[in-house]
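Subject: Structure handover and notes

Hello,

Here is the structure you were to receive. Please open it alongside the sequence before reading on.

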Amino acid sequence: MSTFLKSGKEDTKSDFSSLIDVVNYRVENQPLNQAYTFLQNGENVIQEWTYEELHLRSLAIAASLQDLNLVGERALLLYQPGLDFIAAFLGCIYAGIIAVPAYPPRRNRNLSRLQAIATDAKAKIVLTSSSLLANLRSASEDESLEINGLQWLGTDELDRNSASKWCKPSVKSDDIAFLQYTSGSTGNPKGVMISHGNLLDNLRIIHECFGHTPTSQGVIWLPPYHDMGLIGGILQPIYGGFPVTLMPSVAFLQKPIRWLQVISDCKATTSGAPNFAYELCVDKVKPEQLASLDLSSWEVAFTGAEPIRSETLERFAKTFACCGFRKEAFYPCYGMAETTLIVSGGEKRELPITCKIEDIALEQNLVVKVDSLREGSREIVSCGRIPDGVSAVVVNPDLTCCSCQEVGEIWVRGDSVAKGYWNLEEETQKTFHAYLADTGEGPFLRTGDLGFLQDGELYVTGRLKDLIIIRGQNHYPQDIELTVEGSHQALRNGCGAAFTIDIKGKEELVVVQELERSYLRKLNISEVVGDIRQAVVSNHGLRLFSVVLVKTASIPKTSSGKIRRRACRDAFLSGNLDIVDDWSESPQHKAKFISVNSEVESVLQQVVQQSQIIK
């Protein structure tokens with residue numbers, strides 16, 4: 001059961017079991033209220049939908065899906081930026097079909113990622129727009145996306161009169177609403193199973209934490225294909241009954257001022273992004289542009305999905321104070337796909353809380369506070385408190401609870417924790433069914449993140465997992481390593497490591513790769529490094545900061561042959577790798593390969609223009 005907030009007070013309680021009930025409530029009570037506005041290029045309005053319009057479009061899609069007898073199946077959602085994705089997502093919910101949001105393929109990019117997701121989910125249909133449908137079909141002829149009898153449906157041209165044929169499905173709170181894939185570059189992506197109950201519970205938590213009311217106004221440029229953009233940016237406004245203005249991610253990346261200008265023009269109260277976005281605004285918005293901005297309405301400037309840096313909060317608040325921005329608006333938070341979205345959050349209208357600690361102690365998983373910042377110390381931003389309905393513990397490797405002076409793995413439980421990973425029973429058992437050794441309390445979700453709890457505040461200090469987060473987007477190192485080793489015949493299979501390092505407050509990607517012994521004497525460094533860079537850009541949309549080629553059998557590994565990425569990173573930073581040759585884009589680092597062929601530069605430009613940002 002979900003407690004529904006109608007007007008900022010708990011005055012309506014209903015047995016809502018899914019989003020169908022929520023949207024129906026909106027249609028019955030405020031059909032002509034604005035639900036979504038979409039800005040082309042972040043400037044021009046090209047789509048505006050009321051709740052009634054959204055409802056009718058979603059029903060037409062649902063009726064078409066029901067005609068195809070696909071109830072209970074999976075539907076792959078592939079859409080360019082716009083509102084059609086939202087109608088398709090709700091159409092799946094209305095039809096009793098499990099939605100599978102995915103990034104649309106980019107021009108001249110292979111479909112291996114989509115193939116992997118479609119195969120894993122056993123999708124039966126692709127929902128897309130008519131403008132994208134022909135291109136997808138054409139590409140699939142060569143790359144076999146037509147697997148498992150996969151059907152195609154362009155949803156934007158469906159007859160809305162078919163909505164009358166819709167039959168409301170029997171949906172229970174425990175039924176799966178959609179699969180949230182945490183990775184997509186390998187043959188084994190993991191789909192997080194989000195139930196209707198998970199979704200409603202997390203939407204409730206966000207609503208309460210952010211203090212949303214029907215007078216709130218959202219602005220979101222985050223892509224709808226992952227949790228922050230979908231749940232926080234698109235579904236939360238429906239739950240709270242307030243309008244949201246959407247814009248493409250690339251519009252922000254090209255001109256960060258567009259995000260702030262829309263907030264100013266719309267008098268937005270809620271908007272947010274990963275840490276890098278605030279940095280980008282400080283770096284790219286020109287002083288003469290500040291006069292046009294009024295950010296005084298901004299109440300919740302949430303920040304999450306990657307490490308939150310106190311320096312960034314300070315710089316942004318100082319730069320935009322003249323525009324009415326208040327540092328108290330910053331809302332640091334923490335979450336992940338496995339918990340639907342949010343786990344913890346700060347106090348609205350209060351300054352972010354920070355903690356100054358010693359670096360050396362932190363390296364030993366200890367928390368030692370200092371009074372002021374000095375060499376060998378750092379300031380960590382709290383990700384807020386654990387809200388009602390969620391519990392969290394910090395756990396030692398022996399599976400007992402840490403003290404408040406210890407760093408350990410963050411474990412979480414509550415109704416927002418997902419059901420597990422799609423078709424991965426062993427991984428689900430390991431990750432979602434953890435119990436404390438001393439008390440037997442559980443089950444908990446093992447987040448894979450490191451942190452500590454002090455005075456009710458949750459601080460995230462690092463990642464137990466090797467997950468790489470750059471510009472708010474998750475990348476698995478093994479995916480990048482596989483791409484690298486296949487980029488040139490001189491590189492040894494299974495003998496590479498990908499990791500990030502902190503350069504001036506930004507996460508930069510480094511690859512260390514062993515060479516085949518037979519190539520040590522006849523190595524064309526420019527060719528090898530160029531191929532590596534091109535492959536990583538083409539397959540992952542990432543710029544490499546440094547490429548290090550090392551001697552055969554020299555990369556750190558465990559006794560069982562697994563790459564020790566942290567040991568490799570430490571050796572890189574200390575200069576203890578057995579280097580044959582290396583390259584770096586920074587002139588301050590040893591860079592033996594500077595020139596990049598024109599094809600790589602062309603791909604790099606495409607990535608900048610088409611970047612997509614996720615948790």
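This is a predicted model: local features need pLDDT of at least 70, side-chain atom pairs count only at pLDDT 80 or more; totals for chains, interfaces and linings use all residues.

Overall make-up

The protein chain has 615 residues, and 59% of them count as buried. Its secondary structure comes to 17 helices and 28 strands. Taking contacts between residues at least 6 apart in sequence, 73% join residues at least 24 apart.

Nonpolar cores

The largest nonpolar core holds 123 residues. Within this core, the residues that touch the most other members are Phe-89, Leu-127, Trp-259, Leu-260 and Phe-320. Helix 3 (residues 84-95) contributes the largest share of the core, with 10 residues. Another core, of 21 residues, lies apart from the largest one; its members include Leu-491, Val-511, Ile-532 and Leu-544. As background, nonpolar side chains in soluble globular proteins tend to be buried together.

Setting aside neighbours within four places in sequence, Leu-127 is in contact with Ile-61, Leu-65, Ala-75, Leu-76, Leu-77, Leu-78, Tyr-79, Ala-88, Cys-92, Leu-153 and Thr-155.

Helix 2

Helix 2 covers residues 51-67, which is 17 residues. From its first C-alpha to its last, helix 2 reaches 24 Å, close to the 24 Å expected at 1.5 Å a residue. This helix is mostly covered, with 13 of its 17 residues buried. Just after helix 2 comes Asn-69, which takes a positive phi of about 55 degrees.

Salt bridges

How many salt bridges does a search of the whole structure find? The search gives 28.

Arg-74 and Glu-73 meet through their side chains in a salt bridge, at 3.7 Å from N to O. Arg-74 is buried, because its relative accessible area of 10% is under the 20% cut-off. Glu-73 has 21% relative accessibility and counts as partly exposed.

The second pair is Arg-315 with Asp-283, whose side chains form a salt bridge at 3.0 Å, N to O. Arg-315 lies in helix 11 (residues 310-320) and Asp-283 in helix 10 (residues 275-284), so this pair ties together parts that are 32 residues apart in sequence. Both ends are partly exposed: Arg-315 has a relative accessibility of 33%, and Asp-283 a relative accessible area of 38%.

Arg-385 sits in the loop between strand 18 (377-381) and strand 19 (390-395), while Glu-457 belongs to strand 22 (residues 457-463), so the pair ties together parts that are 72 residues apart in sequence. Arg-385 is partly exposed, with a relative accessible area of 37%, whereas Glu-457 counts as buried at 8% relative accessibility.

Finally, salt bridges that share partners join Glu-53, Arg-57 and Arg-160 into one network.

Regards

Definitions and conventions
Residues are numbered from 1 along each chain as its sequence is written. Side-chain values use heavy atoms; hydrogens and water are left out. A salt bridge is a side-chain nitrogen of Lys or Arg within 4 Å of a carboxyl oxygen of Asp or Glu. Buried means under 20% relative accessible area, exposed over 50%, partly exposed in between (1.4 Å probe, protein chains only). Helices (H or I, at least four residues) and strands (E, at least two) are DSSP runs, numbered from the N terminus. The expected span of a helix is 1.5 Å times one less than its number of residues. Contact means heavy atoms within 4.5 Å. A nonpolar core is a set of buried Ala, Val, Leu, Ile, Met, Phe, Trp, Tyr and Cys residues joined through side-chain atoms within 4.5 Å.
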